[in-house]
Amino acid sequence: MSRRSLLLFLLLLLFCMSSRAYAVDEENCLLCHRYSGLGRIDKEGRKHLYYVNESLYNQSVHAKVRCGECHTDIKGFPHGTVKKVDCAAVCHLVDPSSNTPFSHAKMIEKFELSVHGRGPKDKPKQHAEDLPTCTYCHDNRIYPPVSKLAKQEQGIAREILDRCRGCHTRDDWTNVFYYHFTERLNQRRSSKRMVELCTSCHEDEEKMARHNIKTVGTFRDTFHWQAIKYGDPNAPNCITCHAPVGYFSHEIMPKTDLRSAIYKDNLVRTCSNQGGVQACHPDATPSFAQGNIHPAQYKTGFYENKADALLRKREIEKGQMKPFQTLLGQTLKVAAGDQRYYQNIILLLIKYFYMVLIGGLIGCMIVHQVLDYFATRRELRRVVSKVL
Ligand code: HEC
Ligand code: HEC
Ligand code: HEC
Ligand code: HEC
Ligand code: HEC
Ligand code: HEC
């Protein structure tokens, strides 16, 4: 083979290889963005990295979307500052179920109706900057390899993908669709990461106080969290309860909303989670469902947490709630809401009882061991001096 035809052959091979992968970078953005040093420091001193790793990008959920379909305002190079991406933008992909151009617009519409939405256009919510945006919760997710999925979820395996390949002979096409389905057979975030995500705001006392809701830090004191920590696949995370079977992941509603999964009349359904991926409490009764999922945080007399304190203060001012101190002297027959005070005192007493018990036990054990050590030494010395 002559040198020239070898070159031609190589070029052809290269051409074929690249046409098999998705032609994401038709616009040549990676010409510059492939350099890992591309970035800058803004006026506030924050670092921005503008590097895009091509091979990771090609394994991500947006692999088939071209850069310019999201970053729509880039017309020439070098380009200046780039506008924020609108997740409702329509891309070249077509939804095969309806043959319509694809966008997240429908999803955004629903999201806006949830508690995290910005509220009606003419009357936006106060402190809208506290609300999560699409990119707060989502990055450009990478599809995990089949081997990793197979370890986590039943029914997913390399040999099943091989079966698809028996009919669908183009591997990249088959891979993409296999990942597309299997990725969605379960919640993608681990329960731990879900809790981290939601609590990044919902444990922020100031932020939550601005919106008149309690923080949920005590979730980490509950059995549910312990189960998550030790990897129980049935343990519920925030989404399991706040967007259970029958709700889309974004349809989180305030507890006052009749449609909310945590509206008082829907709690039995939520606890039982019939038909859900997680097996929960199929025999839940109304009284079971009244259980306190997010116990309040008080120390006796003091509030541990500013948001709770503010909320209680408002309730007391409105006359809906009696101050704690005046309650202590009264009988237990108080308004239903007040029961929580007593529950918390009992919980705290139990906590302190165990702290003293366990601390005392371990303390005594250490003292016992130390005394035992000296006694043994003395005994040894006595025996040795006798023998000598
Ligand atoms: C000629 C080189 C070059 C090309 C080609 C290029 N970029 Fe950039 N891009 C840069 C540089 C340099 C920066 C940093 C600009 C700055 O600091 O203001 C940047 C920044 C960006 C940013 C961040 C802007 C910001 O203000 O946050 C985005 C988004 C971006 N590019 C997208 C793209 C897309 C999409 C394409 C392809 C359509 C592309 N770029 C092509 C050089 C390039
Ligand atoms: C599905 C839509 C989508 C696609 C496709 C996409 N991006 Fe982005 N990109 C985003 C979003 C969202 C952000 C976050 C900033 C924002 O909200 O505008 C971002 C941010 C960036 C940034 C700036 C990072 C920073 O720290 O500010 C760069 C650079 C960038 N993209 C380059 C690219 C390149 C190059 C491609 C093609 C390989 C690409 N993007 C494809 C949605 C997209
Ligand atoms: C027995 C052969 C066979 C096997 C095995 C098979 N498919 Fe298919 N697949 C087909 C045929 C034939 C069609 C077209 C069916 C139609 O249009 O009604 C199709 C259609 C599809 C489509 C729709 C494509 C479109 O654009 O309309 C997807 C996606 C798909 N298969 C993915 C898979 C995946 C993933 C697997 C493995 C889990 C798989 N297939 C296993 C034969 C097979
Ligand atoms: C409060 C956090 C949060 C916000 C804000 C949010 N999402 Fe989600 N979204 C989730 C969770 C949780 C899921 C369930 C997926 C999982 O982790 O398995 C999800 C699922 C999705 C899915 C389904 C595909 C998948 O990967 O499972 C899409 C698409 C999506 N979100 C798009 C959006 C868009 C567009 C916005 C902006 C309007 C948005 N999300 C805002 C938390 C959020
Ligand atoms: C086992 C189910 C379950 C889990 C898991 C769960 N919640 Fe809840 N959540 C509820 C129920 C039921 C209520 C309403 C009853 C109440 O006030 O205690 C509620 C109430 C709330 C409220 C409203 C508080 C108020 O008084 O306005 C917020 C905010 C909240 N949860 C966030 C979260 C976050 C964040 C997580 C994850 C760390 C989480 N939840 C985990 C069931 C759950
Ligand atoms: C970026 C911050 C942020 C993140 C992340 C976030 N939230 Fe929220 N959430 C808020 C704010 C702010 C409100 C109050 C909205 C309002 O005032 O209408 C709220 C309200 C709620 C409520 C309604 C409480 C009630 O009864 O009024 C629930 C339930 C809730 N969030 C659950 C979740 C869950 C579950 C997640 C994780 C998937 C999550 N949130 C992630 C900021 C956040």
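Analyst: The answers below go from the overall chain to its iron sites and some local details.

Analyst: The model is predicted, so local features need pLDDT of at least 70 and side-chain atom pairs count only at pLDDT 80 or more, whereas totals for chains, interfaces and linings use all residues. Residues are numbered from 1 along each chain as its sequence is written, chains are lettered from A and ligands numbered from 1 in the order in which they are written, and side-chain values use heavy atoms, with hydrogens and water left out.

User: How many helices and strands are there in the protein chain?

Analyst: The protein chain has 18 helices and 6 strands. Helices (H or I, at least four residues) and strands (E, at least two) are DSSP runs, numbered from the N terminus.

User: And what percentage of the residues count as buried?

Analyst: Of the 388 residues in the protein chain, 26% are buried. Buried means under 20% relative accessible area, exposed over 50%, and partly exposed in between, with a 1.4 Å probe and protein chains only.

User: Now the metals. Which protein donors does the iron atom of ligand 1 have?

Analyst: They are His33 (NE2) and His79 (NE2), 1.9 to 2.0 Å from the iron atom of ligand 1. Donors are N, O and S atoms within 2.8 Å of the metal (3.2 Å for Na, K and Ca); water is not among the atoms, so sites may look incomplete.

User: Where in the chain are His33 and His79?

Analyst: His33 belongs to helix 2 (residues 30-33), and His79 to the loop between helix 4 (67-70) and strand 3 (94-95); the pair is 46 residues apart and links distant parts of the chain.

User: Why is the arrangement around the iron atom of ligand 1 octahedral?

Analyst: The arrangement is octahedral because the 6 donor atoms around the iron atom of ligand 1 subtend angles of 85 to 178°. Six donors count as octahedral if opposite donors are over 155 degrees apart and all others between 65 and 115; four count as square planar by those limits, or as tetrahedral if all angles lie between 85 and 135 degrees, and anything else is irregular.

User: What coordinates the iron atom of ligand 6?

Analyst: His116 (NE2) and His202 (NE2) coordinate the iron atom of ligand 6, at 1.9 to 2.0 Å. His116 lies in the loop between helix 5 (105-113) and helix 6 (134-137) and His202 in helix 10 (residues 191-202), so the pair ties together parts 86 residues apart in sequence.

User: Is His116 buried or exposed?

Analyst: His116 is buried, because its relative accessible area is 18%. His202, at 23%, counts as partly exposed.

User: What about ligand 3? Which donor does its iron atom have from the protein?

Analyst: The single protein donor is His168 (NE2), 2.0 Å away. His168 sits in the loop between helix 8 and helix 9.

User: At what angle do helix 8 and helix 9 pack?

Analyst: Helix 8 (residues 158-167) and helix 9 (residues 171-183) pack at about 130°, with their axes 10 Å apart. Axes are lines fitted to C-alpha atoms, for helices over the stretch in contact, and angles run from 0 to 180 degrees between N-to-C directions. The two helices are therefore oblique to each other: angles under 35 degrees count as roughly parallel, over 145 as roughly antiparallel, 65 to 115 as roughly perpendicular and the rest as oblique.
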